[in-house]
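Here are my notebook entries from an afternoon with this model. Have it open beside you and follow along.

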Amino acid sequence: MSSFEQRANIKFCIKLKKPFTETLVLMNEAYEDEILSRTQIYFWYKRFKDYSYAQVRSASVSMELPLVNVSTCELRSVIRFFTAKNKTAVNIHHNLVLVYCERCMSIQMVRRWHSWFLEGRQNVHDDERSCRPVMLRTMQPLLLFRMWWKQIAASPLTK
């Protein structure tokens, strides 16, 4: 389990307004042996909490700001975290919408990742793809089409 995933879940617990003690219990339940130390969890909890407080305080509106830069790996880490807590895909999606607003993934994608994690998937990153050649986009097909179209337009059959 990478520390990135655990940090993403600490940030998510802060956005859900969970206190440090509850966050620590959730992390222990979800990660068991591979967990960050209590000191590291507190460090990241305090750092993310101070950052979100400063962000809200500097906003011109009094409401809390949604997270702006959300990576797909971070969302998948949260899905994996709640899957380990035996939450349903619908419940996970509801929590994601509460925190990330419209920036979260669809319910179908949450269900897909939830089922993959239930089947035993551990990695939150994309799988390697096959080495297919990349199609180069050039002007050549467009130019060929334009020449063909001009020939048809100039043809006596089309007049």
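**Entry 1: a charge over a ring**

I started with arginine 7, whose charged end sits over the ring of tryptophan 44, 4.9 Å from the ring centre. My rule for a charge over a ring asks that NZ of Lys or CZ of Arg be within 6 Å of the ring centre and within 35 degrees of the ring normal.

A note on the ground rules: this is a predicted model, where local features need pLDDT of at least 70 and side-chain atom pairs count only at pLDDT 80 or more, while totals for chains, interfaces and linings use all residues. Residues are numbered from 1 along each chain as its sequence is written, and side-chain values use heavy atoms, with hydrogens and water left out.

**Entry 2: the overall layout**

Next I looked up the secondary structure, and the protein chain comes to seven helices and zero strands. Here helices (H or I, at least four residues) and strands (E, at least two) are DSSP runs, numbered from the N terminus. Along the sequence I read the pattern α-α-α-α-α-α-α.

I then checked burial, and 33% of the 159 residues of the protein chain count as buried. Buried means under 20% relative accessible area, exposed means over 50%, and partly exposed is in between (1.4 Å probe, protein chains only).

The protein chain exposes about 11,300 Å², and carbon and sulfur atoms supply 57% of that area. These areas come from the Shrake-Rupley method with a 1.4 Å probe; for residues, only the protein chains shown count as cover.

For contacts (heavy atoms within 4.5 Å), I took those with a separation of 6 or more in the protein chain, and residues 24 or more positions apart account for 63% of them.

**Entry 3: aromatic rings**

How many aromatic pairs does the rule give? The count comes to nine. Rings of Phe, Tyr and Trp (its six-membered ring) pair if their centres lie within 6.5 Å; planes under 30 degrees apart count as stacked, over 60 as edge-to-face and the rest as tilted.

I picked out phenylalanine 12 and phenylalanine 82: their ring centres are 5.6 Å apart and their planes stand at 75 degrees, so I logged the pair as edge-to-face. Phenylalanine 12 lies in helix α1 and phenylalanine 82 in helix α4, so this pair ties together parts that are 70 residues apart in sequence.

**Entry 4: salt bridges**

I found four salt bridges in the structure, using the rule of a side-chain nitrogen of Lys or Arg within 4 Å of a carboxyl oxygen of Asp or Glu.

One of them joins the side chains of glutamate 74 and lysine 11 at 3.7 Å, N to O. That pair links distant parts of the chain, with glutamate 74 in helix α4 and lysine 11 in helix α1, 63 residues apart. Glutamate 74 counts as buried at 5% relative accessibility, whereas lysine 11 is partly exposed at 22%.

I also looked at lysine 85 and glutamate 29, whose side chains meet at 2.1 Å, N to O. Lysine 85 is in the loop between α4 and α5 and glutamate 29 is in helix α2, 56 residues apart. Lysine 85 is partly exposed at 21%, and glutamate 29 is partly exposed at 41%.

Lysine 18 and glutamate 22 form a salt bridge too, at 3.2 Å, N to O.

**Entry 5: loops with positive phi**

Lysine 17 lies in the loop between α1 (3-15) and α2 (20-31), and counts as exposed at 58% relative accessibility.

Asparagine 86 has phi near 60 degrees, again positive in a residue other than glycine. I placed asparagine 86 in the loop between α4 (72-84) and α5 (89-100), where it counts as exposed at 68%.

**Entry 6: a surface patch**

Which residues form a nonpolar patch on the surface? I noted Phe145, Trp148 and Trp149, with about 380 Å² of accessible area together. Patches are made of residues with over 30% relative accessible area and no salt bridge; like charges are joined within 9 Å, and nonpolar side chains (Val, Leu, Ile, Met, Phe, Trp, Tyr) within 5 Å. Tryptophan 149 is in helix α7 (residues 140-154).
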